[in-house]
Amino acid sequence: MDLNNKTVIVTGASKGIGRAISIELAKEGAIVVLAARTKEKLIEVKKNIDSFNGKSLIVPADMSREEDILKLFSKVKEEFGKLDILINNAGIFIGGNLVDFDISDYEKIMNVNFKAVFLCCQQALKIMIPQKNGFIINISSNVVFKGYPQQAIYSASKNAVVGLSKSMANEVQKDGISVALIHPGGVDTELIDSARPDINKSDLMPPEDIAKTIIYMLKLSDNSWVDEIIIRRRTAKPF
Ligand SMILES: NC(=O)c1ccc[n+]([C@@H]2O[C@H](COP(=O)([O-])OP(=O)(O)OC[C@H]3O[C@@H](n4cnc5c(N)ncnc54)[C@H](OP(=O)(O)O)[C@@H]3O)[C@@H](O)[C@H]2O)c1
């Protein structure tokens, strides 16, 4: 696909992987809607995109609030009248032993990592189904293939995203919509600093590699689609 002037929402665009995805998409000519809570960081990302005459729009939004999600999608509809691509990237990590895992931490994780993905997909489909075209990429994690201790609820939230994505992909294929999953492991961001402090910083993947992976997926010919990609640190255990 030619990404020029494609309208893309990137959730969690203020830092880490989402920031890198937003910048790479803007370099390809896409109009990138930058959504996250921290306005100052979104302004920094927008300035970076402005520096190469890229196109972006800041929409501050807390993904754990349904009203913010509804506002985000109505703003996009109002501004552009279409949505070509949604990238559900916003996510949080809270670790801890399952035996005494706090219910409020469970809710925080599920609200951002899963419920927001569900609501954003639902809102995107309301625009994409009438268009008869659209692409949704959900950022999952390598944890869905493993069983890391102290990560049960984070892992459950990402497994929920996998289930939602696979069913949705089959449900909306007839409407011209394609859905993909990316399962990264060990990217150099603030999230990994708290999730895996044991990993050497020098072994971590740069967020730009996840961004380039997304660009690769989206830029294939219109006849091709990649359902999912597992991308890991080169020093991590294969498979
Ligand atoms: N780093 C890794 O190794 C790794 C591996 C596998 C999967 N992932 C996944 O990749 C995604 C991005 O993570 P990252 O590593 O880039 O983490 P990060 O650097 O901590 O960035 C997380 C992003 O999510 C946003 N976010 C968090 N809570 C939000 C909320 N309530 N509303 C709106 N935005 C919110 C943050 O923005 P604000 O704080 O400004 O709201 C930020 O932009 C996550 O889904 C994560 O689970 C990461």
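**Exercise 1: nonpolar cores**

Task: identify the residues with the most contacts inside the largest nonpolar core.

Solution. The model is a predicted one. Its largest nonpolar core holds 37 residues, and those with the most contacts inside it are Ile21, Leu25, Ile87 and Leu218. Next, take leucine 218 and set aside its neighbours within four places in sequence: the residues in contact with it are Met1, Leu3, Leu25, Ile85, Phe135, Ile137 and Trp225.

**Exercise 2: aromatic pairs**

Solution. 

Step 1. The count of aromatic pairs comes to two.

Step 2. The ring centres of phenylalanine 93 and tyrosine 154 are 5.1 Å apart and the planes stand at 70 degrees; planes over 60 count as edge-to-face, so this pair is edge-to-face. Phenylalanine 93 sits in the loop between strand E4 (85-88) and helix H4 (103-131), and tyrosine 154 in helix H5 (residues 152-172), 61 residues apart. Both phenylalanine 93 and tyrosine 154 are buried.

Step 3. Phenylalanine 135 and tryptophan 225 form a tilted pair, with 5.3 Å centre to centre and 35 degrees between the planes. Phenylalanine 135 belongs to strand E5 (residues 134-139) and tryptophan 225 to the loop between helix H7 (207-218) and strand E7 (228-232), so the pair ties together parts 90 residues apart in sequence.

**Exercise 3: burial**

Task: is phenylalanine 135 buried or exposed?

Solution. The cut-off for buried is under 20% relative accessible area. Phenylalanine 135 has 14%, so it is buried. Its ring partner, tryptophan 225, has 24% relative accessibility and counts as partly exposed.

Conventions: Residues are numbered from 1 along each chain as its sequence is written. This is a predicted model: local features need pLDDT of at least 70, side-chain atom pairs count only at pLDDT 80 or more; totals for chains, interfaces and linings use all residues. Side-chain values use heavy atoms; hydrogens and water are left out. A nonpolar core is a set of buried Ala, Val, Leu, Ile, Met, Phe, Trp, Tyr and Cys residues joined through side-chain atoms within 4.5 Å. Buried means under 20% relative accessible area, exposed over 50%, partly exposed in between (1.4 Å probe, protein chains only). Contact means heavy atoms within 4.5 Å. Rings of Phe, Tyr and Trp (its six-membered ring) pair if their centres lie within 6.5 Å; planes under 30 degrees apart count as stacked, over 60 as edge-to-face and the rest as tilted. Helices (H or I, at least four residues) and strands (E, at least two) are DSSP runs, numbered from the N terminus.
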